[in-house]
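The sequence and structure are shown first.

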Amino acid sequence: MSYERKEIAPEEIARQEEICRRIFDRITADGQRPLAMVDTYGCQQNEADSEKLRGYLREMGCGFTQDEFQADIIVINTCAVREHAEMRVFGNVGALNHSKKARPGQIIAVCGCMVQQPHIAEKIKKSYPIVDLVFGPHELWRFPELLEKAMTGKKRVFATEKSDGNLAEGIPQQRDGSVKAWLSIMYGCNNFCTYCIVPYVRGRERSRKPEDVVREARELIAAGYKDITLLGQNVNSYGKDLGLGVDFADLIRMVDAIDGDYVLRFMTSHPKDASEKLFKAMAESRHCAHQLHLPVQSGNDRVLKVMNRSYTRQKYLDQVALARQYMPDLVLTTDIIVGFPGETLHLFQAGGDPRGLHAGPLYPRRQAAAL
């Protein structure tokens, strides 16, 4: 699927910062410092996004709290990957009726992957009137503009338009902690695993320019951060959309060249793109941890095919063996989906045995048509 990569102009970010100053003048006019609460669900990328939300809120003059009854502004950054997370969000948003009643001027915003789904945005519009602002991950860069509209307008603000290609640099960040830091190197995903909603809510893959990643890494190291994690839905795809001839292994070497006392990590890797070049770069770097999170999801080729994972059980095992040749002390972690729709006990137990791909299921009447 094609998309238009749109790099947000520095002037646009400068305009957002000017709006932050206007909001600052508005909400601190009485001499009091307002408080904001940012509640985050989901993955590390959401955590990194919340650091940007806090960065903007800091520029607006806000302090921070985790008590909704003290907060003047509440931002709930949501996850769409797990149904349990969605149910928690709805429950917690509904509970904010009490804090809104106690503080009638309280602004409540719901953002992130969950609200990028049209039916979720519509549900919030109809069933949760206490929510003043709703925006998807593609609109995070203009959070100040949207918040100002919610503060000054008479209507609720919904900004969930599909804009897959947005990529913004220069957004202020308020990091959570002083030792560990998230460093996003790319956004979106092109893999379309059949069980995953991420490509639909976060859009297609967009890689940050290597010089921007290295600059941010240098700033983090200079600020004393000791544990830096490079983030992406599939970091092994880094650079494919840039056309610069710089891939993820090259990026690791570029960051590793920065002097300092720090450990470099990354997540998440997709087995279809994990390469010998990457393992070699990890092994030869001074700072990269010998740690690899490589989700396998299933040990059965037939299930992997229906999952649209684009690799086989044997390829995965070969990659792990190769990685351990370069890094005998490698720490490997993974993700596994058990009970994938149509997966029988027989398929689960058969693993990658070719005979298991053709033998009848243990419970043939219950086997899904897809398998």
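In which loop is Gln297 found? Gln297 is found in the loop between strand E14 (291–293) and helix H11 (301–307); helices (H or I, at least four residues) and strands (E, at least two) are DSSP runs, numbered from the N terminus. The model is predicted: local features need pLDDT of at least 70 and side-chain atom pairs count only at pLDDT 80 or more, while totals for chains, interfaces and linings use all residues. Residues are numbered from 1 along each chain as its sequence is written, and side-chain values use heavy atoms, without hydrogens and water.

**Backbone geometry**

Gln297 has a phi near 70°, a positive value in a residue other than glycine. Gln297 is also buried, with a relative accessible area of 8%; buried means under 20% relative accessible area (1.4 Å probe, protein chains only). Ser310, in the loop between H11 and helix H12 (313–326), likewise has a positive phi, near 65°. A cis peptide bond, with omega near 5°, runs from Met267 to Thr268. Thr268 belongs to the loop between strand E13 (263–267) and helix H10 (276–284).

**Cavities and pocket**

On a 1 Å grid over the protein atoms alone, a cavity is a set of points where a 1.4 Å probe fits but cannot get out, whereas a pocket is an open set with protein on both sides within 12 Å along at least five of seven lines; lining residues have an atom within 4 Å of a point. Grid points are joined across faces, edges and corners, and a volume is the space filled by probe spheres set on the points.

The structure holds 2 cavities of 30 Å³ or more. The largest has 16 lining residues, and Pro137, Leu140, Asn166, Tyr187 and Arg206 are the closest to its centre. Helix H2 (44–59) and strand E8 (166–167) each give two or more residues to this lining. The second largest cavity is lined by Asp49, Asn77, Cys111, Gly112, Phe135, Gly136, Pro137 and Leu140.

The largest pocket has 34 lining residues, with Val81, Cys196, Val198, Gln233 and Asp335 nearest its centre. H2 and helix H7 (198–202) each supply at least two residues of that lining.

In the table, Ala, Val, Leu, Ile, Met, Phe, Trp, Tyr, Cys and Pro count as nonpolar, Asp, Glu, Lys and Arg as charged, and the others, Gly among them, as polar.

| Space | Volume | Lining residues by class |
|---|---|---|
| Largest cavity | About 220 Å³ | 8 nonpolar, 3 polar, 5 charged |
| Second largest cavity | About 30 Å³ | 4 nonpolar, 3 polar, 1 charged |
| Largest pocket | About 900 Å³ | 16 nonpolar, 14 polar, 4 charged |

How values were computed
Buried < 20%, exposed > 50% of the residue type's maximum accessible area, 1.4 Å probe, protein only.
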